[in-house]
Amino acid sequence: MKKVVVIGGGASGLFAAITAAKQGAFVTIIEHKDRVGKKILSTGNGRCNYTNAYLNASCYYDNGFAMEVIDQFPVDKTLEAFKEMGIWPKSRDGYYYPHSDQASSVLDILRYELEKQKIVVKTETMIQSIKSSKGQFQLTLTNGKLKADAIILACGGLAAPTTGSDGSGYELAKLFGHKIHKPVPGLTGVSCEEKFFKELSGIRVQAKIQAKIKDKLMEEEGEVQLAAYGISGIPTFQLCRYIARQKTCEITLDFMPNIGYIELVDYLQTHTKDQYVGMINKKLLGVLLKRYGEQPKKLAQGIKQFKVTAIGTSDFTKAQVTSGGVYCDEINPQTMQSNLVPNLYFAGELVDVDGKCGGYNLQWAWSSGYVAGLNAGRIDE
Ligand SMILES: Cc1cc2nc3c(=O)[nH]c(=O)nc-3n(C[C@H](O)[C@H](O)[C@H](O)COP(=O)(O)OP(=O)(O)OC[C@H]3O[C@@H](n4cnc5c(N)ncnc54)[C@H](O)[C@@H]3O)c2cc1C
């Protein structure tokens, strides 16, 4: 019987293990935490946004590698597979959640499937060494030894490290000669230099954000949250992966993206300062007036082009995803097999693929796990 070892029991590892077992392989999961799937429990604010009806290449920040993999296990197949395992889908504007609205139900059904497929799960187990020779592997663990015909590395990146993704997967990938694109926090807040953010903490405002990344202007729009340290909220999250790779970054916020400059000047000229509170959050107005004064044209410019300097992002403990990882050009997207080492496969966030908010990172975990499991578990005639 073909022996497949999956290192990492997160979303991608569990899905890879189930797929490999369905191919007829004997599968063992090695997980260094006390239980598998910890991160799944905190996804989607405890509800698990496990995929999205609106998915295309623009949802991922890579050169098309992710879509080559996802096309082999797309959204409809994902929904079908989860439904077969027991998850009834609930769509909120195309964002899919389990009907139970409990992320724990996703983990429960995956764990049930592990049992059904007779997959061995070794928790609190660390890898001490892996030797490979002629396409076979010898693993020395903290509690024994294992032989494998194929290995799937699914250790995640560095985001939310208390769930187990502590970056040790990069060291395992490096053992096999793989190179790592420097990991930085993705989908998290951005720290800004300006002191006035302390006064703005807690404000939520519909805004457009522009970030100057090298010579390119990147733009996102949506609900921006102002915090004591800087800015947060989904539009900020989407830009953070770029900002994290720069020392500083000039950011421009438009606090009234749906109103033109001329219209805004007209409003400011025909209303008094006390009436402006009907247009913009009171605390924010205070900072705007202090910064730009009462002259309508200057104030309108400040509202529509509020410039701040980003000096970094929140750290990995607050990040939802890792941007960076094992370089995609060292992996075959048709199989998720390493181009360097035969029978070594990759899945999930360990790879240099990250997606936007909205179920896209879990979809990457399912699809890459599926493709890796299918090919690692395949019994050659
Ligand atoms: C708070 C939060 C909310 C999120 N919400 C969503 C959402 O709603 N929708 C969405 O699409 N995405 C969401 N994400 C992102 C998504 O959860 C991840 O991209 C996805 O779970 C990654 O799966 P993974 O299996 O690749 O890695 P991980 O989930 O990080 O799993 C890696 C596993 O490998 C184990 N491991 C690591 N190193 C070793 C080793 N050396 N030996 C043995 N085991 C090891 C870890 O303990 C862990 O169990 C969220 C993330 C966070 C943090």
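1. Buried here means under 20% relative accessible area, exposed means over 50%, and partly exposed lies in between (1.4 Å probe, protein chains only). At 19% relative accessibility, Ala160 therefore counts as buried. Ala160 has a positive phi of about 45° although it is not a glycine. Its place is the loop between strand 10 (150-153) and helix 6 (168-175); helices (H or I, at least four residues) and strands (E, at least two) are DSSP runs, numbered from the N terminus.

2. The model is predicted: local features need pLDDT of at least 70, side-chain atom pairs count only at pLDDT 80 or more, and totals for chains, interfaces and linings use all residues. Residues are numbered from 1 along each chain as its sequence is written, and side-chain values use heavy atoms, with hydrogens and water left out.

3. Asn45 also needs a look at its backbone. Its phi is near 55°, a positive value in a residue other than glycine. Most residues other than glycine have a negative phi. Asn45 sits in the loop between helix 2 (38-42) and strand 3 (51-52). Asn45 is exposed, with a relative accessible area of 80%.

4. Helix 10 spans residues 282-292, and Leu284, Leu285, Val287, Leu288 and Leu289 are buried in it. These buried residues pack against helix 7 (197-200), strand 14 (216-227), helix 11 (296-304) and strand 17 (306-313), where contact means heavy atoms within 4.5 Å. At the start of helix 10, a side-chain oxygen of Asn281 comes to within 2.9 Å of the backbone nitrogen of Lys283. Just after the helix, Gly293 has a positive phi of about 80°.

5. A salt bridge is a side-chain nitrogen of Lys or Arg within 4 Å of a carboxyl oxygen of Asp or Glu. The count by this rule is 15. One of them joins the side chains of Asp34 and Lys38 at 3.1 Å, N to O. Asp34 is partly exposed at 45% relative accessibility, and Lys38 is partly exposed at 27%.

6. Lys307 and Glu250 form a salt bridge at 4.0 Å, N to O. This pair links distant parts of the chain, with Lys307 in strand 17 and Glu250 in strand 16 (residues 249-254), 57 residues apart. Lys307 is partly exposed at 34%, as is Glu250 at 39%.

7. Lys273 and Glu294 meet in a salt bridge at 3.4 Å, N to O. Lys273 lies in the loop between helix 9 (261-270) and helix 10, and Glu294 in the loop between helix 10 and helix 11, 21 residues apart. Lys273 is partly exposed at 38% relative accessibility. Elsewhere, salt bridges that share partners join Lys22, Glu113 and Lys116 into one network.

Terms used
Polar contact = N/O pair within 3.5 Å; in protein donor to acceptor, adjacent residues only side chain to side chain.
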